[in-house]
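Here is a short briefing for a reader who is meeting this structure for the first time. Please look over the sequence and the model before reading on.

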Amino acid sequence: MPDVNDLTNEVAGRARDAAYVVVGLGVLGFQRAQVERRDLQRRLAAEAPAVEQRLSGVRSALSAGVPGVRSALSAGVRRLDGVVEVASQRVESALVPLEEQLPPAARDLSQRARQQVRVVRVQIRDAVGAVA
């Protein structure tokens, strides 16, 4: 039977080994964090000119005054509305032949859903038009 001193020494040795492993893992984790931090700093430094250029564009738009920003926003909304309109027409033209193959209850539900989408779209247009 092992004696108490041997058991105590073995437990102390294993505890010491575990402590060394924990400290080693902590050091490795810290080094990894440092490497990631430096990499992030390099990437941010590389992106800084592009961000500054974008900010410069925003500053010049703001210096043109609110009417300039409002007209640019309005033009962007009109372009977006045109794209959404074309996409909506394409989706509807693809759905109509499929609807004809659906059972009557499902066909009715699909038509009501498409009608609701049109109503919501008109409401969004009106809301955006009032703002722009």
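E36 and R32 both belong to helix α1, where four residues, about one turn of the helix, lie between their positions; helices here are DSSP runs of H or I with at least four residues, strands are runs of E with at least two, and both are numbered from the N terminus. The side chains of E36 and R32 meet in a salt bridge, with 2.9 Å from N to O, a salt bridge being a side-chain nitrogen of Lys or Arg within 4 Å of a carboxyl oxygen of Asp or Glu.

This is a predicted model, in which local features need a pLDDT of at least 70 and side-chain atom pairs count only at pLDDT 80 or more, while totals for chains, interfaces and linings use all residues. Residues are numbered from 1 along each chain as its sequence is written, and side-chain values use heavy atoms, with hydrogens and water left out.

**Overall form**

- The protein has three helices and zero strands, and along the sequence the pattern reads α-α-α.
- The radius of gyration of the protein is 33 Å, well over the 14 Å that the globule rule gives for 132 residues, so the protein is more spread out than a compact globule; the radius is taken over C-alpha atoms, and the rule is 2.2 Å times the number of residues to the power 0.38.
- Along its principal axes, the C-alpha trace of the protein spans about 85 × 55 × 25 Å.

**Confidence**

- The protein averages a pLDDT of 80, and 90% of the residues score at least 70, where pLDDT is the predictor's confidence in each residue, on a scale from 0 to 100.
- Among the elements, helix α1 (residues 4-63) has the highest mean pLDDT, at 85, whereas helix α2 (residues 66-100) has the lowest, at 75.

**Surface and charge**

- Buried residues make up 6% of the 132 residues in the protein; buried means under 20% relative accessible area, exposed means over 50%, and partly exposed is in between, with a 1.4 Å probe and protein chains only.
- The accessible surface of the protein comes to about 10,900 Å², of which 65% belongs to carbon and sulfur atoms, as computed by the Shrake-Rupley method with a 1.4 Å probe.
- The mean positions of the 19 positive and 15 negative charges are 10 Å apart; Lys and Arg count as positive and Asp and Glu as negative, without His and the chain ends, and each charge is placed at NZ of Lys, CZ of Arg, CG of Asp or CD of Glu.

- E10 counts as partly exposed at 43% relative accessibility, whereas R14 is exposed at 59%.
- The side chains of D39 and R43 form a salt bridge at 3.5 Å, N to O, and both residues lie in helix α1, four residues apart.
- D39 is partly exposed at 29% relative accessibility, and R43 is partly exposed at 48%.

**A residue of helix α2**

- V96 is found in helix α2 and counts as partly exposed, at 33% relative accessibility.
- The C-alpha atoms of V96 and Q111, which are 15 residues apart along the chain, are separated by 8.9 Å.
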